[in-house]
Amino acid sequence: MNWEILGIWLGALVTFCLYSFLYRDNPFYKFAEHLFVGMSAGYWVIYNIENVLIPNWWQKMFPAEGGFSWIWVIPGIFALFMIARIVPKIASFSRLSLGMIIGAGAGLNMVSFFQTNALAQVKGTIFSLASDSVWSVFSSLVLVIGVVSGLVYFFFSKAHTGVVGKTANVGITILMVAFGASFGYTIMARLSLLIGRCQFLLEDWLPTIPRLLGFGG
Amino acid sequence: MRLIIPLAITFTAGMIMILNFFIPHQPFRLLGDNLQEWFMIVASGAIFLGAMNLMHVHSRKIKLKLKNWKYSPVTIIGFLLMLVTGLIYGVTEHRPFDYLFMNVVAPMGATMFSLLAFFVASAAFRAFRASNWRATLLLTSAFLVMLGQVPIGAMIWDKIPLAKVWLMSIPNTAGQRAVMIGAAMGVVSTSLRIIFGIERSYLGGTD
């Protein structure tokens, strides 16, 4: 058995273990589930070291041209403060790190979310009436009415009665269609993953059995 | 002091990021750019904290022989396996870390998410009832999108894939946009509350 076949068998084994949950919770599923959690955590720690800490911290603190940049010691200390949370006696130091990442994250998200999720979306909703087809204008109108009425539905500072109530009702209708479409799309995305796993079992794993038994090439 | 210093750090960090955006000149640009990199480094500390906490939880489970403790060594061994192979052999292609990721972690991730297909479908079967016209609309919309995504949809009627594209690009976009704009307003107000120290639950109490 070479490394390639061993890899395929490992993949097939964990796939079967996880799918066994479709019958009911069992030790095989629990084994694979715990393995997944552990290996994923290990993967993200290494990913973090390789893609964040080495290029953004270590290589800046010790540049290739030599020397030592002391300023990069500060984020290192803050990162250590974060880990201090695990030691009850010095756990309060982690508040300093939390304060920093929450503050920087809040400042960064405030401007970036406002730009991408509010202004860009409003800009994308504005359309030109000088379009080439009636269908295009109709679709754009549905889009504008949908966005405005959807926003009215989410506006709770005014009671949903009268014109506001009627607009909110249109909003609910649009949101129902949107959620239905998103739901259908999500199911199909999950199904494509299922098809991918079935293809793996049928096209990659199954042909290895005769090879292992000495029937195939 | 245990509260004031973290709040002062939060305010300073938040204001630097905002000022960097509105006044993209020195010294705010330098401060903002550096703070973004510091942010990543400090946030990476949280990943280490999470991993250490995972090990702590499972070690404790083994020590106290809590429920399902027999599976905890699997988590610990899986974690150490990835950690050791990544640190010793590196993460480049055809190395043990890459081998384990491609043959064990990635298949498990795909299988886990594909399992959701069964649960979402069974939940939908129970929850989707054409009880009123809006529920019928939701059902029809989901059904058309699913049908438009596969070849059989076009075989039934060639307009079904077009209907799916229209549903996804117009009503779905409209609904998602309304949600996104609303969420953006929420993010702005919550961020301001955090920066000005009104929202301080992330510090875990007021002591």
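This note goes through the predicted model point by point, from the chain contact to single residues.

1. Basis. The model is predicted, and local features need pLDDT of at least 70, side-chain atom pairs count only at pLDDT 80 or more, and totals for chains, interfaces and linings use all residues. Residues are numbered from 1 along each chain as its sequence is written, while chains are lettered from A and ligands numbered from 1 in the order in which they are written.

2. The contact between the chains. Chain A gives 97 residues to the contact and chain B gives 104 residues. Two residues are in contact if their C-beta atoms, placed from the backbone, lie within 7 Å. On the side of chain A that touches chain B, at least two residues each come from α1 (3–19), α2 (27–61), α3 (73–83), α4, α5 and α6 of chain A. Helices here are DSSP runs (H or I, at least four residues), numbered from the N terminus. That side of chain A has 61 nonpolar, 30 polar and six charged residues. In this count Ala, Val, Leu, Ile, Met, Phe, Trp, Tyr, Cys and Pro are nonpolar, Asp, Glu, Lys and Arg are charged, and the others, Gly among them, are polar.

3. The nonpolar cores. The largest nonpolar core has 60 residues, and M100(A), I101(A), A104(A), F39(B) and V42(B) touch the most other members. Helix α4 (residues 94–125) of chain A gives the most to this core, with 10 residues. Another core, of 22 residues, lies apart from it, and includes L35(A), V45(A), V74(B) and F97(B). A nonpolar core is a set of buried Ala, Val, Leu, Ile, Met, Phe, Trp, Tyr and Cys residues joined through C-beta atoms within 7 Å. A residue is buried if 20 or more other C-beta atoms lie within 10 Å of its own, exposed if 12 or fewer, and partly exposed in between, with C-beta atoms placed from the backbone.

4. F39(B). This residue belongs to helix α2 (residues 28–64) of chain B. F39(B) counts as buried because it has 21 C-beta neighbours inside 10 Å. If neighbours within four places in sequence are left aside, F39(B) is in contact with I101(A), A104(A) and G105(A). From F39(B) to A13(B) is 26 residues in sequence and 9.4 Å in space, C-alpha to C-alpha.

5. S44(B). Helix α2 of chain B also holds S44(B). S44(B) has 23 C-beta neighbours inside 10 Å and therefore counts as buried. Its contacts, leaving aside neighbours within four places in sequence, are N48(A), V52(A), L53(A) and A79(A). S44(B) and R134(B) are separated by 90 residues in sequence and by 45 Å in space, C-alpha to C-alpha.

6. Helices α5 and α6 of chain A. The axes of α5 (residues 134–153) and α6 (residues 162–205) come within 7 Å and cross at roughly 115 degrees. Axes are lines fitted to C-alpha atoms, for helices over the stretch in contact, and angles run from 0 to 180 degrees between N-to-C directions. α5(A) and α6(A) are therefore roughly perpendicular to each other. Angles under 35 degrees count as roughly parallel, over 145 as roughly antiparallel, 65 to 115 as roughly perpendicular and the rest as oblique. The crossing of α5(A) and α6(A) is left-handed (the near helix is turned anticlockwise from the far one by less than a right angle; clockwise would be right-handed). Among the residues that meet are I145(A) and Y153(A) in α5(A), and V164(A) and L175(A) in α6(A). By class, the residues of this contact of α5(A) with α6(A) are nine nonpolar, five polar and no charged.

7. Helices α1 and α2 of chain A. The axes of α1(A) and α2(A) come within 7 Å and cross at roughly 120 degrees. α1(A) and α2(A) are therefore oblique to each other, and their crossing is left-handed. V14(A), C17(A) and L18(A) in α1(A) meet F28(A), Y29(A), F31(A) and A32(A) in α2(A). The contact of α1(A) with α2(A) has seven nonpolar, no polar and no charged residues.

8. Backbone points to check in chain B. Most residues other than glycine have a negative phi, and most peptide bonds are trans. The peptide bond from Q26(B) to P27(B) is cis, with omega near 5 degrees, and P27(B) sits in the loop between α1 (4–22) and α2 of chain B. K65(B), not a glycine, has a positive phi of about 50 degrees. K65(B) is in the loop between α2 and α3 (72–89) of chain B, and counts as exposed because it has 9 C-beta neighbours inside 10 Å. H94(B) has a positive phi near 65 degrees and lies in the loop between α3 and α4 (96–127) of chain B.
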